[in-house]
Amino acid sequence: MSTLSYIAAPLSRARIRQNASDIRELFGFSKTPRFPLLHVIENLLPQAFPESTFEVVDPAEMKGMYAEALPAAASIRIRNDVYMRAVSGSPRDNFTLAHELGHLVLHMDHRLQRLSAPLKLKPYLDPEWQANTFAGELLVPLELYKKLKHSKDACDIFGVSKKALDVQIKAWKDEGVL
Ligand SMILES: [Zn+2]
């Protein structure tokens, strides 16, 4: 259970994995272990969806947030220090961007509903759980992981932190797909 202020349409991990896989396929990266996230967000996404916008903004404008997605406006805004770290390959900041892309992909057509009071609800209704799940499934596709898991440095191959990879592996084991 998580305490939610917003509720999303229910999405399972399997369904979100399919959405992430569709995005990889759409941009031609089904077989590329390290998803070129910045290139996709900055260059390919605006070509595919001309109404989408990507903005790098001053920390003062972000009220303590690293980044935010405004799915209704197809817009991603990212704090400039987070952006610079993502450019230099920081796994954590890359995950933040993948999370925001998840909000765009998963929540653009299905408006989130604001709850009048925070409620304890199942994680699969939580837009933040959904966006994190999307980020993990996008950055480390299950089928590619199965092929490459014996490689020396899976984290480096996929461009994720050890923590993110461990979360992913545990989720797949819990789901019974690994
Ligand atoms: Zn979020």
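## Zinc site

Three residues coordinate the zinc ion: His 99 through NE2, His 103 through NE2 and Glu 128 through OE, at 1.9 to 2.1 Å. Donors here are N, O and S atoms within 2.8 Å of the metal (3.2 Å for Na, K and Ca); water is not among the atoms, so sites may look incomplete. Along the chain, the donors follow the spacing H-x3-H-x24-E. The site links distant parts of the chain: His 99 lies in helix α4 and Glu 128 in helix α5, 29 residues apart.

His 99 counts as buried, at 10% relative accessibility. Glu 128 is partly exposed, with a relative accessible area of 38%. Buried means under 20% relative accessible area, exposed over 50%, and partly exposed in between (1.4 Å probe, protein chains only).

## Basis of the model

This is a predicted model: local features need pLDDT of at least 70, side-chain atom pairs count only at pLDDT 80 or more, and totals for chains, interfaces and linings use all residues. Residues are numbered from 1 along each chain as its sequence is written, and side-chain values use heavy atoms, with hydrogens and water left out.

## Helix α5

Helix α5 spans residues 127-139. Helices (H or I, at least four residues) and strands (E, at least two) are DSSP runs, numbered from the N terminus. The 13 residues of α5 reach 18 Å from first C-alpha to last, close to the 18 Å expected. That expected span is 1.5 Å times one less than the number of residues. Asp 126 caps the N-terminal end: a side-chain oxygen lies 2.8 Å from the backbone nitrogen of Glu 128.

Ten of the 13 residues of α5 are buried, so the helix is largely enclosed by the rest of the structure. Among them are Pro 127, Gln 130, Ala 131 and Phe 134. Their cover includes β1 (2-7), α1 (13-26), α2 (37-48), α4 (91-107), α7 (154-158) and α8 (162-175).

## Leu 106 in helix α4

Leu 106 sits in helix α4. Leu 106 is buried, at 4% relative accessibility. Beyond its neighbours within four places in sequence, Leu 106 is in contact (heavy atoms within 4.5 Å) with Leu 11, Ile 16, Asn 19, Gln 130, Ala 131 and Phe 134. Leu 106 and Ala 8 are 98 residues apart in sequence, yet 9.2 Å apart in space, C-alpha to C-alpha.

## Arg 79 in strand β4

Arg 79 belongs to strand β4 (residues 75-79). At 14% relative accessibility, Arg 79 counts as buried. Not counting residues up to four places away in sequence, Arg 79 touches Val 57, Pro 59, Met 62, Gly 64, Met 65 and Tyr 66.

Technical notes: Polar contact = N/O pair within 3.5 Å; in protein donor to acceptor, adjacent residues only side chain to side chain.
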